[in-house]
Amino acid sequence: MEKRVTFSKWTIGILFAVPQLFLIFTFFYWPAGQAVYWSLTLQQPWGGGNIWVGLDNFRSILSNASYWDSITASMIFAGISTGLAMTIALVLAALTDRQLAGSWLYRVVLIWPYGIAAPALALAFRFILAPEAGFMAVVNQAWPGFWDPGLDGADAMASIIIAFSWKYVGYNFIFFLAAFQAIPRSLIEAAAMDGSGVIRRFWDIQFPLITPTIFFLLVINITESFQDSFGIVDIMTAGGPANATNLMVYKIYSDGFKGLDYSGAAAQSIILMLLIIALTIVQFRFIERRVHYR
Amino acid sequence: MASIAIRGVKKNYAKTQVVHGVDLDFASGEFVVILGPSGCGKSTLLRMIAGLEEISDGTIAIDGTVVNRLEPRERGCAMVFQNYALYPHMSVAQNIGYSLKVAGVASAERAQRVQAVARVLELEHLLDRKPMALSGGQRQRVAMGRAMIREPKVFLFDEPLSNLDAKLRVQMRSEIRKLHRRLSATSVFVTHDQVEAMTLADRLVVMNGGRVEQVGTPAEVYSRPASRFVATFVGAPAMNMLEGTVTLDGLSLLGGSRKLNVSRTGVPVGSKVAVGIRPEAVRMVAPGTPGALTATVDLIEELGAGRVIYVDLDGVPFSIVTSETVHPEPGSSIGLQFAETDLHFFSSETGARLDVFKASVPEPAPATL
């Protein structure tokens with residue numbers, strides 16, 4: 001079936017596209033182009049001209065060990081928080097799908113975390129995970145010094161991962177639940193008649209049928225964990241202790257606006273953009289093959 | 001092969017009861033069709049046998065074992081679903097072989113058994129296809145293959161033909177019949193299509209409003225409907241119904257304008273009854289023929305081999321099926337005649353069949369109304 005919209009005059013089509021193109025250009029291509037330009041120059045912190053330096057900014061960043069630490073931290077953060085947020089959401093959605101009474105309530109309640117601004121939720125988690133007064137204070141009382149995100153880099157990383165995952169569990173849950181409910185009930189029943197138990201049915205029938213959703217969420221979660229983590233890091237750890245949570249997106253901010261190295265920050269954002277593009281391409285090339293589209 | 005015994009089975013959803021105490025016995029190897037309008041509880045009953053629906057009250061026993069608390073897989077039933085419920089991400093072979101895979105059958109034996117089933121159903125050339133790439137009839141066969149391969153004690157069919165076009169439906173109907181003769185497993189087939197029900201059933205169960213109205217062979221159900229509901233539900237076009245009142249010497253019909261001479265026992269004078277006559281049992285005669293009813297032709301439906309003539313009988317719609325090549329003009333008058341032995345009597349109050357009436361005029365003389 002022909003689904004394409006056709007216009008009698010090509011100018012009408014262009015006219016329809018212009019507002020959208022204008023927005024994309026203004027808010028994406030223009031700033032991105034500006035960042036590329038800055039990354040190839042040396043900007044003066046207080047304005048007043050710049051010097052063309054070619055790829056020098058990139059060379060100096062990539063030869064800096066602390067930048068590679070930041071990439072590693074970002075990768076660890078992205079990997080664990082995506083895994084955590086998706087697994088928890090998947091389990092919750094699978095359980096909810098079986099007992100549908102009142103599921104509308106879960107849907108509403110579980111989307112809220114996603115609606116909370118990152119700094120607000122980070123502040124909440126800062127209190128919840130505070131070593132002297134929060135939940136972990138109980139553990140610290142039994143094993144003094146067990147939990148201290150202010151001193152221990154691993155603890156700090158764990159805190160921001162927990163906060164970020166908490167936010168995305170709700171988001172993922174909505175998609176997973178919708179995907180589960182899109183599977184015809186009779187398929188599950190047919191599998192039950194075929195002798196398949198609950199766990200077996202999940203792996204043989206439900207899981208393969210929600211792979212399109214899993215793939216979509218994987219791409220979104222990884223991308224967002226590189227970009228949306230700023231507010232949480234800024235409030236909870238400010239990149240510390242000892243740069244243990246200085247994720248790429250936070251380092252761009254601190255180098256640029258605190259260190260006044262605009263050019264270096266611009267180069268870092270180009271690298272971050274390329275990294276996300278590369279990761280997305282990899283996912284589409286290698287993981288999408290295993291997706292069953294219906 | 002297994003017998004099924006259903007005892008006082010009820011089903012409640014929250015506060016509403018949809019199946020009100022059903023008692024049925026299906027013999028081993030029998031092909032039973034449960035027929036009823038949508039919402040009569042027939043599918044719910046089937047799903048309770050399958051174990052997909054909890055049994056609120058009563059017991060269901062398969063081969064003498066009460067299965068109320070058993071998981072679907074432990075009951076030895078296989079089911080063919082209305083929408084086929086094929087696993088969309090699996091090939092035809094995987095779909096058919098899934099139950100064996102779950103049961104841990106070695107892949108060599110599995111492939112062999114899938115082949116055997118595919119041969120019976122003529123699916124051999126489609127084994128590598130995904131369900132998406134199959135036609136409706138082929139999907140239907142795969143669904144049957146998936147049920148067959150388990151060699152179940154009981155086959156359950158939940159309106160499996162309703163998604164097919166008319167021609168395929170007739171074809172699949174005879175295939176199901178042949179398959180049953182070959183496998184002779186106890187089969188329970190749920191449908192709202194009376195032609196399907198009549199042609200497939202060894203025994204027919206007619207359900208309405210969560211209750212069983214009648215159990216019998218298709219011929220019995222057709223010729224001696226146990227209730228007014230069965231009489232009008234089975235048979236197409238539906239049985240004609242005339243309201244009447246019991247009088248001292250018989251029945252008064254059509255608001256007293258006609259009299260029917262029948263003897264009665266035990267029905268008080270003045271009680272209301274419904275008199276049914278199948279459209280096939282009505283004969284058309286020239287208007288004014290002595291003893292015939294006169295009616296006005298409304299509409300004629302040509303069926304090729306015969307025709308349905310809809311007439312107006314003193315304001316009551318009435319239909320006649322005839323194979324004669326007569327074409328009365330709409331608006332013209334015709335005469336109607338029928339044998340009294342073809343009449344069915346039902347209580348207007350309860351709808352139950354009344355066999356207390358005896359036709360007073362013996363065959364072959366035509367009835368006079």
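**Strands, helices and a chain contact**

Colleague: In what sense do strand S17 (residues 293–302) and strand S18 (residues 307–313) of chain B pair, and over how many bridges?
Modeller: Bear in mind that this is a predicted model. One pair to look at joins Glu302(B) to Arg307(B), its bridge partner in S18(B). Taken as a whole, S17(B) and S18(B) run in the antiparallel sense, and the number of bridges is six.

Colleague: Which strands of that open sheet in chain B stand at the edges?
Modeller: Start from the order, S16-S20-S17-S18-S19, with antiparallel pairing across the five strands. Each edge strand has a single partner, so one of its sides is left without a neighbour in the sheet. Those strands are S16 (283–285) and S19 (316–322).

Colleague: And what does the twist average from one strand to the next?
Modeller: We're still on the open sheet of five strands in chain B, the one with antiparallel pairing. Going from one strand to the next, the twist averages 45°.

Colleague: Over in chain A, are H12(A) and H13(A) roughly parallel or antiparallel?
Modeller: Helix H12 covers residues 248–258 and helix H13 covers 262–287, and their axes come within 8 Å. They cross at roughly 165°. Anything over 145 counts as roughly antiparallel. That makes the pair H12(A) and H13(A) roughly antiparallel.

Colleague: How do the residues of the contact of H12(A) with H13(A) divide by class?
Modeller: The crossing itself is left-handed. H12(A) brings Met248(A), Val249(A), Lys251(A), Ile252(A), Asp255(A) and Gly256(A), while H13(A) answers with Tyr262(A), Gly264(A), Ala265(A), Gln268(A), Ser269(A) and Leu272(A). Sorted by class, that contact has six nonpolar, four polar and two charged.

Colleague: What about H2(B) and H4(B), are they roughly parallel or antiparallel?
Modeller: H2 (residues 92–102) and H4 (residues 136–148) of chain B have axes 7 Å apart and pack at about 30°. Angles under 35 degrees count as roughly parallel. H2(B) and H4(B) are therefore roughly parallel.

Colleague: Which residues of H4(B) make the contact with H2(B)?
Modeller: H2(B) passes H4(B) in a right-handed crossing. The H2(B) side of the contact is Val92(B), Asn95(B), Ile96(B) and Tyr98(B). By class, the residues of this contact divide into four nonpolar, two polar and one charged. From H4(B) come Val142(B), Gly145(B) and Arg146(B).

Colleague: Which elements give two or more residues to the side of chain B that touches chain A?
Modeller: There are 17 residues of chain B in contact with 16 residues of chain A. By class, the chain B side has 13 nonpolar, three polar and one charged. The elements giving two or more residues to that side are strand S6 (77–80) and H2 of chain B.

Colleague: How far apart are the C-alpha centres of the domains of chain B?
Modeller: The domain assignment gives domain 1 as 4–226 and domain 2 as 237–359. Their C-alpha centres lie apart by 39 Å.

Colleague: Last one: what is phi of Asp63(B) near?
Modeller: Look in the loop between strand S4 (57–62) and strand S5 (65–66) of chain B for Asp63(B). Its phi is positive in a residue other than glycine, near 55°.

Key:
Residues are numbered from 1 along each chain as its sequence is written. Chains are lettered from A and ligands numbered from 1 in the order in which they are written. This is a predicted model: local features need pLDDT of at least 70, side-chain atom pairs count only at pLDDT 80 or more; totals for chains, interfaces and linings use all residues. Axes are lines fitted to C-alpha atoms, for helices over the stretch in contact, and angles run from 0 to 180 degrees between N-to-C directions. Helices (H or I, at least four residues) and strands (E, at least two) are DSSP runs, numbered from the N terminus. Angles under 35 degrees count as roughly parallel, over 145 as roughly antiparallel, 65 to 115 as roughly perpendicular and the rest as oblique. A crossing is left-handed if the near helix is turned anticlockwise from the far one by less than a right angle, and right-handed if clockwise. Two residues are in contact if their C-beta atoms, placed from the backbone, lie within 7 Å. Ala, Val, Leu, Ile, Met, Phe, Trp, Tyr, Cys and Pro count as nonpolar, Asp, Glu, Lys and Arg as charged, and the others, Gly among them, as polar. Two strands pair if DSSP finds at least two bridges between them. Domain bounds come from an automatic or database domain assignment.
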